[in-house]
Amino acid sequence: MPVALAQLPDDSETLKRLIIERDAQLAAHATDLEQSRMRLAAKHAEVQAKHAEVQSKHAELLVERNELIAARLMIEKLKLQIARFKRMQFGAKSERHDAQVAQLELLVEELESALATDVPAAEAPVAAAAQAEVSIRPVRRALPEHLPREAVVHAAACTCPQCGGGLKRIGEDVSEQLEFIPEHFKVIRHVRPKFACGKCDTVVQAAAPSRPIDKGAAGPGLLAHVAVSKYLDHLPLYRQSAIYARQGVDLERSTLAGWIGSISALLAPLATAVGRHVVAGTKVHADDTPVPVLDPGRGKTKTGRLWVYVRDDRPAGSEVAPAAWYRYTPTREGVHPREHLAPFAGTLQADGFSGFDSLTGDGRIRIAACWAHARRKYYDFFAATQSPLADEALKRIRALYAIEDEIRGQPPDARRNVRQARARPWLAQLRQWMEQTLAQVSAKSELAAAIGYSLKRWEALTRYVDDGGIEIDNNAAERALRGPVLGRKNYLFAGADSGGERAAVLYTLLETAKLNGINPEAYLRDVLARIAEHPINRIDELLPWNLAPQTTRDERLAA
């Protein structure tokens, strides 16, 4: 506490003693403060050390987490590669196998997403180091060269931000970003100037350009887009109408339906030309699928049939263009395929439909059965019961597909020789196993029914061994019906039999374009721009494989 001047002693010796005592007290107090500061500094250092330890541990855990995710991702990728390799090697057309591959792909996608999750900036170098260490980051590919480029220039300041001096360009950095511009409508104005002769008053004017639909407002590109959206992208017309309305263009469903009807009538001769090409081959794949059709007189739906006939000899090394020909009929009577295939002579690859079997009466057509169809019966039984016997049947059939994978794309003679040398003995063992197993299981079991189906059609199932031009299964036709099946789920039903016939025309052209590696919408747009004035006796010039050389690179499908 401060001392009043009157309280200080007059004696100098006493004053000196008081000063010495005060200095001693101050020194002691300073010592205490220094000791307290040192204790606080030590505590602070201890806290900092613990914080650094926590940060280090957190970084280690982050690295371990990323390494764990990366290791698991690598394992799942290897599993996926093994599964795909097994499919390539053994030709497993198994729904269970497909489901396992799909699950692996989803798991890989989830792990890749987890590994790419954003981390705080302070931890980013640790995560990057972990990812770099396991070397699993995907390689970024260059963006396609054929896409149009739009340059956006991000200009810097005009003067130096440090000294205000003038700037001169010394280079540039360029990065590219892939963007999507929604499809848009535009109006094309066809202007035809009129000219009058100064001497005779004759009026001269260019002829009006042809339109796919006479006096119609829709251009070939729009018509092609509507058709592809419905038959390949499975968008019903009422959904398309709603989509177009969001873009400010009112197109009633009835208008779109009228366009579909008009272009299907216009394209029908071209679909018939595809059919002639299909039945001119020596091997055709055939299949059919039900199509619900409105039956106004009964107030409910009936079931029509959509048939497909596929000519595709590429697995046997042929360069003849593949094609898929669709036909609609109101019933599934055998008279329909007999009518469709009246000009055909050769091997028909099909399932066990009795309507196909009736085509063999005059010896003009022989049936090659489908091993994929046969094995599906074993798979269904295995999926329901996990039966070891059904699993054994699947393994034995898979071995037959392994041989096919090795010879796919080779000439028919080479394929026949390999099949006779390797597949024939394996088939003999398979038949013996089936007959022995049939004697051991209940005659009423599903497994017995599956074996009975195979043995009943054994001659047709094994016909491929002696003919290198035909296939082990009818998957070519089944693949061609996947689109209509997906579309059927969205459409629910066709409006009438005529709707099924229109669908058959458009499926024929669009699916055939796909088989030939051509962008279906680009092809249909090209055809619709030409066909109205194209001579009917030269209709084959508009077939997909004949127009393919004129299709630009960016209109080609990705390989």
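Which residues does F356 touch, not counting residues up to four places away in sequence? F356 touches A286, D287, W307, P337, L348, A350, D351 and I367, where contact means heavy atoms within 4.5 Å. The model is predicted, so local features need pLDDT of at least 70 and side-chain atom pairs count only at pLDDT 80 or more, while totals for chains, interfaces and linings use all residues. Residues are numbered from 1 along each chain as its sequence is written, and side-chain values use heavy atoms, with hydrogens and water left out.

F356 belongs to the largest nonpolar core, which has 68 residues. A nonpolar core is a set of buried Ala, Val, Leu, Ile, Met, Phe, Trp, Tyr and Cys residues joined through side-chain atoms within 4.5 Å. Buried means under 20% relative accessible area, exposed over 50%, and partly exposed in between, with a 1.4 Å probe and protein chains only. The residues with the most contacts inside this core are L267, Y326, L348 and F356. Helix α6 gives the most to the core, with eleven residues. Apart from it lies another core, of 36 residues, among them L400, Y453, L455 and Y464.

The next element is a sheet. Helices (H or I, at least four residues) and strands (E, at least two) are DSSP runs, numbered from the N terminus. Two strands pair if DSSP finds at least two bridges between them. Five strands form an open sheet in the order β5-β4-β3-β6-β7, with mixed pairing. Strands β5 (323-329) and β7 (365-368) stand at the edges, and each has a single partner strand, so one side of each is left without a neighbour in the sheet. Neighbouring strands are turned by 30° against each other on average, direction ignored. Such angles run from 0 to 180 degrees between N-to-C directions, and the axes are lines fitted to C-alpha atoms, for helices over the stretch in contact.

Strand β4 (residues 300-311) pairs with β5 in the antiparallel sense over seven bridges. V308 has Y326 in β5 as its bridge partner. Helix α6 (residues 253-279) packs on the sheet and touches β3 (283-295), β4 and β5, with its direction at about 115° to that of β5. Helix α16 (residues 497-515) also lies across β3, β4 and β5, and runs at about 175° to β5.

Y326 is also touched by P484, whose other contacts are L306 and Y507, not counting residues up to four places away in sequence. P484 is found in helix α15 (residues 482-491) and is buried, with a relative accessible area of 7%. The C-alpha atoms of P484 and A504 are separated by 9.5 Å, although the two are 20 residues apart along the chain.

Two loop residues have positive phi values. H234 lies in the loop between α4 (220-231) and α5 (237-246); its phi is near 60°, a positive value in a residue other than glycine. H234 is buried, with a relative accessible area of 14%. Q386, in the loop between α9 (371-385) and α10 (388-407), has a phi near 55° and is likewise a residue other than glycine.

Helices α4 and α5 return in the lining of the second largest pocket, where they and α17 (520-530) each supply at least two residues. Helix α4 gives the most, with five residues. The lining has 33 residues, of which H184, F185, K186, G221 and L222 lie nearest the centre of the pocket.

Definitions and conventions. On a 1 Å grid over the protein atoms alone, a cavity is a set of points where a 1.4 Å probe fits but cannot get out, and a pocket is an open set with protein on both sides within 12 Å along at least five of seven lines; lining residues have an atom within 4 Å of a point.
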